Amino acid sequence: MQVKESGFENVVIRFAGDSGDGMQLTGTQFAAAVAQEGNEIVTMPDFPSEIRAPAGTTAGVSGFQVNFGKSNVRTPGDFVDVLVAMNPAALKVNVAVLDKGGAIIVDTDAFNAKNLEKAGYESNPLEDGSLEDLEVYALPITSQTLEALKDSALSKKDRGRCKNFFTLGILLWLHDQEPDYSIDYIKSKFARKPDIADANITVLEEGIAYARNKGVPQAQFKLSDKRLAPGEYRNLSGNKAVALGLAAAADLIGLNLYLGSYPITPATEILQELAVLKNYGVKTFQAEDEIAGICSAIGASFAGALAVTNTSGPGMSLKSEALGLAVISELPLVVVNVQRGGPSTGLPTKTEQSDLLQAMYGRHGECPMPVVSASTPGDCFYQAIEAARLAVKYMTPVILLTDGYLGNGSEPFLVPKVDELPDLSGLKREVEPEGFSPYRRDEKTLARDWAVPGMPGMQHRIGGLEKDYVDGSVSHDPVNHEKMSLIRQEKVDRIADDIPDLEIFGDQDGGEVGIFSWGSTFGAIRGKVEKYRAEGKSISHIHFTHMNPMPKNTAEVIAKFKKVVVAEMNLGQLDQILRAKYLVDSIPLTKIQGKPFREDEIANVIDKLL
Amino acid sequence: MSDMKIDKKNYASAQEVKWCSGCGDYSVLKQAQLALADLGLRNEEVVFVSGIGCSSRFPYYMNTYGYHTMHGRAMAIATGVRTQNPELSVWVATGDGDALSIGGNHFVHAAKRNMNMVVILMDNRIYGLTKGQVSPTSDKGVITKTTPYGSIDNPLDPVKLALGAGATFVSRSTGKNQKLLRELLVKAHQHKGFSLVHILQNCLIFNDNVFDRYTDKENAEHSLILEDGKPMIFGSEMDKGIVLDGMTPKVVNVADVDPADILVHDATNEDSILPSMLSSLPLDKFPMPMGVIRQVEGECYGESMRDQQEQVTSKLGSGDLQQLLRGNNTWTVA
């Protein structure tokens, strides 16, 4: 087999099948198994917005890509080394991502006339020579699965559904991975259905045996000489990391966490994850709509919770009026936007970074809000804590931007020790009835006092109308409005003193090209910049996490580079901000295809500048 | 309950009240302050949440915690307050436009969840703060600034809507009937669950006299004050009653029928057949029902959320953050 021999850097595998074929599960399990071996991994689910589009059609193809290797694995991989195609439609949709010389594993049982027609094939690609540059392993996966389970009491349908674990067995054999982790997983997942657990374990082992007996060659690698930093790891997706980060922040601050939310792709997993954590003092409320999601969170914040709402795309638009209320009320609130392709329903299951300008400016009135962004799935954990820290310390709503790629993608996450997390005790200031006014402010942070219902002697009324600077009563005084507008802005601006400086990866004194990026493009840009630098090119990478306010040294860092490139998955939103704020003639490097950057797409712009 | 005698001034804030002179809202404010005194509530445990509109300025005038929020969203925000802290006494001050038009969805869901809160719905059948446009409760044909040739829209009845959504306490009063209003506000608060007090009240400026039919003494023919366990008798001489002829309600002269045939009000019946019938009477032939129309017991969402949290915690034990961060599947790289 032409799969990379020993000495390889990384291998990219893509699992593809019908939405109901269990490819997400197979991919996740494979990724977890290779992670156990100390590999770096990056995963990317790629599914259609239809849940179960008609079986066998290209609309219903669901994919899961995993890139793993011994070091510097930063993206899910641009091209695929091994494609697993469970039917003709999966092959048709995905064949273009194979490098020449890659391998394909197909389930021949699915390559019948009916499925070929549904996929739009005029002839069988397994027979017509169109795949001749590729190494094709045509295996009767479905019939072998049924054969392995011929003595099982399960229905034929249930037996057929085990084929994804047969496939996993083949892949484990191919990459010389032990099945122990997957067997443990099956036992715990189907603990209450032992017959299904037994069937899946049987076909997993049969899959391995079948691949061995049929002479499917094993790639000659067993990792690895360079590994992840020592420590305890778990696999973590960005959405789960946000949920963990928020729960951790609430615990560290000493507040209970309250999530008001409404289901939307791809943000819902955060609600699902937090709904489990009732014994951690977490309250989750699935509201009647997006507006009630944020409004209930604002109500909970008024009543003393660390309140959060989460959403994607259209949900963020629906929440914008309430964001204004949170800003003028000066209540702490974390708003997580797992960005997706827009506008409108757009590409609900695909990734994009096109809500940055909305996060910065998308509200009526002068309505400043801090905005932070996460760079990797694991970083979602730390940026969720950061968003909560800023919200409570400065009494303000904070937007946390992640995206579909971060939310659904996963990576090994070094489990932090609780005592190594930021110390947030004392972040919530005590308030006293003596001289109380709802808009009495801390001199340094300008945060107002947070008295909550139930506290005697501090009854007060707040709301969406402008408030008097001194006593917090309703005020329509023109000068007071200007003063309050300025103080709300000043409060957000002062956060710049409380966040880390921008770091330059590369030439500290500057150089030819500086690529500036934010959010989930981190891995793709950093990986490519590392390669350029290994070739001796003068190129550096500067990555933002704090979008508003920006780090204090931003202007200074920008000025160090002859050419400033701004890379992002939109039509140039950070580029516009940097141009407006720092008067820099920057060069946009953009992509808006619902997919992360590939190396060649970065090279297309950068090669001309070096 | 405090032993100290509390009067309504205890619940009045220092803010100057700025409704139009003669506005029906004044009466509601006064009766709410009296009701809080009757209930002996501590100022700090009470939260008034409102949306947008004339009536939504209400919280500013109460010496309690208060939040004047967004148009239509008071019940969603109050839901957050109440679910975060189910010990608080939560009141929503809202109007016909706020609760039934822009905020209709939240009204339905707060009722359906049986959120334990009092909803004071001040219904003047007009948009007042925007100066006189047709509202969701306005009669068909009404002439307003946005319906210069007469409204072609049908009115929505909040009592029917609340019943349909499963509200456990549904009541109605006019703003002028101060005794009934105060009594309803007290009962609404004592009820555990979503409590609607629908108040027919005047807008002096843009919709004056719209409820005269139910407020003028000479028009007592048009109101039926319901009392639980009492026959449905009304009229200035209390000489009319409601009977059932098969499935059909009828107005009769009390003198003409056996008193035992007069329908007796039962707000506490588990089903809502009688309240639904009462809320569906055609008002050209029947009086408008006032008082407690329905009052039944039910689990409250905020309390259930707290109880479930306690149950899960007692079963699983208090969560440990380090364990949460580790999860169930870790591996060690040496």
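1. In this predicted model, the backbone nitrogen of Gly404(A) is placed 3.4 Å from a polar atom of the Thr351(A) side chain.

2. Thr351(A) belongs to the loop that runs between strand 11 and helix 14 (356-361) of chain A. Its relative accessible area is 5%, under the 20% limit, and Thr351(A) is therefore classed as buried. Beyond four places in sequence, the residues in contact with Thr351(A) include Gln339(A), Gly341(A), Tyr405(A), Met569(A) and Lys595(A).

3. Chain A contains an open sheet of 7 strands, ordered 9-8-10-11-13-12-19, with mixed pairing. Strand 9 (283-286) and strand 19 (546-548) of chain A have a single partner strand each, so one side of each has no neighbour in the sheet. From one strand to the next, the twist averages 20°.

4. Within this sheet, strand 12 (residues 371-373) and strand 13 (residues 397-403) of chain A are paired in the parallel sense over 3 bridges. Val371(A) is found opposite Ile399(A) of strand 13 of chain A. Helix 15 (residues 379-394) of chain A packs on the sheet, where it touches strands 10, 11, 12, 13 and 19 of chain A, and its direction makes about 165° with that of strand 13 of chain A.

5. Helix 15 of chain A also carries charged pairs. Arg389(A) and Glu386(A) form a salt bridge with an N to O distance of 2.8 Å, and both residues are buried. They are 3 residues apart in helix 15 of chain A, which means a separation of about one helical turn.

6. A second salt bridge connects Lys393(A) with Asp498(A), their closest N and O atoms lying 3.0 Å apart. This pair links distant parts of the chain, 105 residues apart: Lys393(A) is in helix 15, and Asp498(A) is in the loop between helix 17 (478-493) and strand 16 (504-505) of chain A. Lys393(A) is partly exposed at 22% relative accessible area, and Asp498(A) is partly exposed at 21%. Through shared partners, salt bridges join Glu386(A), Arg389(A), Lys393(A) and Asp498(A) into one network.

7. How far does the predictor's confidence extend along chain A? The average pLDDT of chain A is 92, and 97% of the residues score at least 70. Residues 1-7 of chain A, however, have pLDDT below 50, and residues 220-226 of chain A stay under 50. Where pLDDT is low, the predicted coordinates should not be read in detail.

Terms used. Residues are numbered from 1 along each chain as its sequence is written. Chains are lettered from A and ligands numbered from 1 in the order in which they are written. This is a predicted model: local features need pLDDT of at least 70, side-chain atom pairs count only at pLDDT 80 or more; totals for chains, interfaces and linings use all residues. Side-chain values use heavy atoms; hydrogens and water are left out. Two strands pair if DSSP finds at least two bridges between them. Helices (H or I, at least four residues) and strands (E, at least two) are DSSP runs, numbered from the N terminus. Axes are lines fitted to C-alpha atoms, for helices over the stretch in contact, and angles run from 0 to 180 degrees between N-to-C directions. Contact means heavy atoms within 4.5 Å. Buried means under 20% relative accessible area, exposed over 50%, partly exposed in between (1.4 Å probe, protein chains only). A polar contact is a pair of N or O atoms within 3.5 Å; within protein, one must be able to donate a hydrogen and the other to accept it, and residues adjacent in sequence count only if both atoms are side-chain atoms. pLDDT is the predictor's confidence in each residue, from 0 to 100. A salt bridge is a side-chain nitrogen of Lys or Arg within 4 Å of a carboxyl oxygen of Asp or Glu.
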